[in-house]
Amino acid sequence: DLFFYFGVVPKSTPVISLSRLLFLPIPPYLFFMALRSGIDAMTVKPLNALNVLVALAFYLVVLATVLNTVPPAYLLDAIALSMIASMALLGMLTARTFRKLYSLSVPWGRCVPASAIGLLLGVFCLGGRWLLNFQGGFIECSLMMLLSGGLFVASLFKLRTPWFGFAWNN
């Protein structure tokens, strides 16, 4: 939402929802960008290219389906959602490839409490926006983000999350 407050994206109502959708694929793409060099360094096989081609094929299939089934009024949003899904797929494929190459395993059971707290704080922020009738200004938005971020860091500290302790001590 800060992009809207700083005037990066116009404040007209139809553009806001589409612009918000277009910001969603940024994290999976950055995840792919961060790990692709590590994948390329580990093997001479074009695993990144394969992941990109699979995500592209998925996008094209979903896009063809969307273009043939979705009413024109919802077409732009549906195209944006198909891009989000393909970028999420690229991120998942990259994570899977990285885990296989480096023989990593994720202890998902230890991730559940932090994920649940993050989800709860997300619901808390959405509730705050709902109470403000989605009309909150820059200050309200910033305070909500600072409060939820501080609560998240405090909960990670309280849970004694291993990576948080490592980052805090170094």
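Which helices do the buried residues of α3 pack against? They pack against α4 (47-69) and α5 (75-102). This report starts from the whole chain and then goes through its parts. The model is predicted.

## Overall make-up

The protein chain contains eight helices and zero strands. Followed along the sequence, its pattern is α-α-α-α-α-α-α-α. The chain has 170 residues, and 26% of them count as buried.

The surface of the protein chain comes to about 11800 Å², with carbon and sulfur atoms supplying 74% of that area. Taking the contacts between residues at least 6 apart in sequence, 64% join residues at least 24 apart.

## Helix α3

Helix α3 covers residues 26-42, which makes 17 residues. From first C-alpha to last, α3 reaches 25 Å, close to the 24 Å expected at 1.5 Å a residue. The helix bends by about 35°, and the bend is at L35.

L35 is also one of the buried residues of α3, together with P28, F32, G38 and I39. The partners of this buried set are α4 and α5.

## Helix α4 and residue N51

Helix α4 has 23 residues. Its reach is 33 Å from the first C-alpha to the last, close to the 33 Å expected at 1.5 Å a residue. The buried residues in α4 are N48, N51, A55, Y59, L63 and V66. They pack against α3 and α5, and the buried residues of α3 in turn pack against α4 and α5.

N51 is a residue of α4. Is N51 buried or exposed? N51 counts as buried because its relative accessible area is 2%, and the cut-off for buried is under 20%. Leaving aside residues up to four places away in sequence, N51 touches L90, L93, T94, R96 and T97.

## Helix α5 and residue I79

I79 lies in helix α5. Its relative accessibility is 22%, so I79 counts as partly exposed. Which residues does I79 touch, not counting residues up to four places away in sequence? They are Y59, L63, V66 and L67. Y59, L63 and V66 are among the buried residues of α4.

I79 can also be placed relative to A64: the two are 15 residues apart in sequence, and their C-alpha atoms are 9.7 Å apart in space.

## Residue F23

F23 is found in helix α2, which runs over residues 13-23. With a relative accessible area of 27%, F23 is partly exposed. In sequence, F23 and I84 are 61 residues apart. In space, the separation of F23 and I84 is 8.9 Å, C-alpha to C-alpha.

S103 lies in the loop between α5 and α6 (108-131). Most residues other than glycine have a negative phi. S103 has a phi near 50°, a positive value in a residue other than glycine.

Is S103 buried or exposed? S103 counts as exposed because its relative accessibility is 66%, and exposed means over 50%.

## A nonpolar patch on the surface

Which residues form a nonpolar patch on the surface? The patch consists of F138, I139, L143 and L146. Together these residues have about 440 Å² of accessible area.

One of them, I139, is found in helix α7, residues 138-159. I139 has a relative accessibility of 59%, so I139 counts as exposed.

## Summary

The chain has eight helices and zero strands. Buried residues of α3 pack against α4 and α5, and those of α4 pack against α3 and α5. Elsewhere, S103 has a positive phi, and F138, I139, L143 and L146 make up a nonpolar surface patch.

Terms used. Residues are numbered from 1 along each chain as its sequence is written. This is a predicted model: local features need pLDDT of at least 70, side-chain atom pairs count only at pLDDT 80 or more; totals for chains, interfaces and linings use all residues. Side-chain values use heavy atoms; hydrogens and water are left out. Helices (H or I, at least four residues) and strands (E, at least two) are DSSP runs, numbered from the N terminus. The expected span of a helix is 1.5 Å times one less than its number of residues. The bend at a residue is the angle between axes fitted to the seven residues ending there and the seven starting there. Buried means under 20% relative accessible area, exposed over 50%, partly exposed in between (1.4 Å probe, protein chains only). Contact means heavy atoms within 4.5 Å. Patches are made of residues with over 30% relative accessible area and no salt bridge: like charges are joined within 9 Å, nonpolar side chains (Val, Leu, Ile, Met, Phe, Trp, Tyr) within 5 Å. Accessible areas come from the Shrake-Rupley method with a 1.4 Å probe; for residues, only the protein chains shown count as cover. A salt bridge is a side-chain nitrogen of Lys or Arg within 4 Å of a carboxyl oxygen of Asp or Glu.
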